[in-house]
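Subject: Structure handover

Hello,

Here is the structure I promised you. Please open it and keep it in view while you read my notes.

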Amino acid sequence: MMDEQDYLLTCVIEELSECIKEISKIKRFGADDHHPDTPNISNVVRANREFDDLCATMDLLSERTGLKIGWGENCDDTYEKKREKLLKFMEYSRKKGTLR
């Protein structure tokens, strides 16, 4: 039997996978494309909804268990370092001709 922390961590994993799925659809089919069954909901809207689900799950995890993961918690300057690293390697990829 799981406790609340295990349960909510499992839910976080599920929400992360759903975010990955929707972002993959943006990459494969385009941001403005949509699922055939929901023509009024773009892939970006679907991805944003999944991200909102993830945020809600993360917040509940923090509230119910005190476990703070994400949103810069306990990360000192890793957020800014990651941004800098991403920008650095994007520029490198441009120089290599693999990124426009």
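In which helix is L87 found? L87 sits in helix α3, which covers residues 78-96. Bear in mind that this is a predicted model.

**The surface patch**

L87 counts as exposed, because its relative accessibility is 52% and the cut-off for exposed is over 50%. L87 belongs to a nonpolar patch on the surface.

**Helix α2**

Now go to helix α2, residues 43-65. Its 23 residues should span 33 Å at 1.5 Å a residue. The end C-alpha atoms are 33 Å apart, so the two values agree. After α2 comes G66, which has a positive phi, near 80 degrees.

Several residues of α2 are buried, including N43, A47, L54, C55 and L61. What do the buried residues of α2 pack against? They pack against α1, residues 4-29.

M58 is another residue of α2. M58 is buried, because its relative accessible area is 9% and buried means under 20%. Its C-alpha atom is 7.8 Å from that of G70, which is 12 residues away along the chain.

**A buried charge**

E50 is also in helix α2. E50 is buried, yet has no salt bridge. How far away is the nearest side chain of opposite charge? That side chain is K21, at 5.8 Å. A salt bridge needs the nitrogen and oxygen within 4 Å. Leaving aside neighbours within four places in sequence, E50 is in contact with E15, E18, C19 and E22.

**The salt bridges**

How many salt bridges does a search of the whole structure find? It finds 5. Look at E22 to see how some of them link up.

- K21 forms a salt bridge with E22, with the closest N and O atoms 3.8 Å apart.
- K25 forms a salt bridge with E22 at 3.9 Å between the closest N and O atoms. Both lie in helix α1, 3 residues apart, about one turn of the helix.
- R46 forms a salt bridge with E22, and here the closest N and O atoms are 3.3 Å apart. E22 lies in helix α1 and R46 in helix α2, so this pair ties together parts 24 residues apart in sequence.

Through shared partners, these salt bridges join K21, E22, K25 and R46 into one network.

How buried or exposed are these residues? E22 is buried, at 1% relative accessible area. K25 counts as buried at 17%. K21 is partly exposed at 43%.

Best wishes

Conventions:
Residues are numbered from 1 along each chain as its sequence is written. This is a predicted model: local features need pLDDT of at least 70, side-chain atom pairs count only at pLDDT 80 or more; totals for chains, interfaces and linings use all residues. Side-chain values use heavy atoms; hydrogens and water are left out. Helices (H or I, at least four residues) and strands (E, at least two) are DSSP runs, numbered from the N terminus. Buried means under 20% relative accessible area, exposed over 50%, partly exposed in between (1.4 Å probe, protein chains only). The expected span of a helix is 1.5 Å times one less than its number of residues. Contact means heavy atoms within 4.5 Å. Lys and Arg count as positive and Asp and Glu as negative; His and the chain ends are not counted. Patches are made of residues with over 30% relative accessible area and no salt bridge: like charges are joined within 9 Å, nonpolar side chains (Val, Leu, Ile, Met, Phe, Trp, Tyr) within 5 Å. Accessible areas come from the Shrake-Rupley method with a 1.4 Å probe; for residues, only the protein chains shown count as cover.
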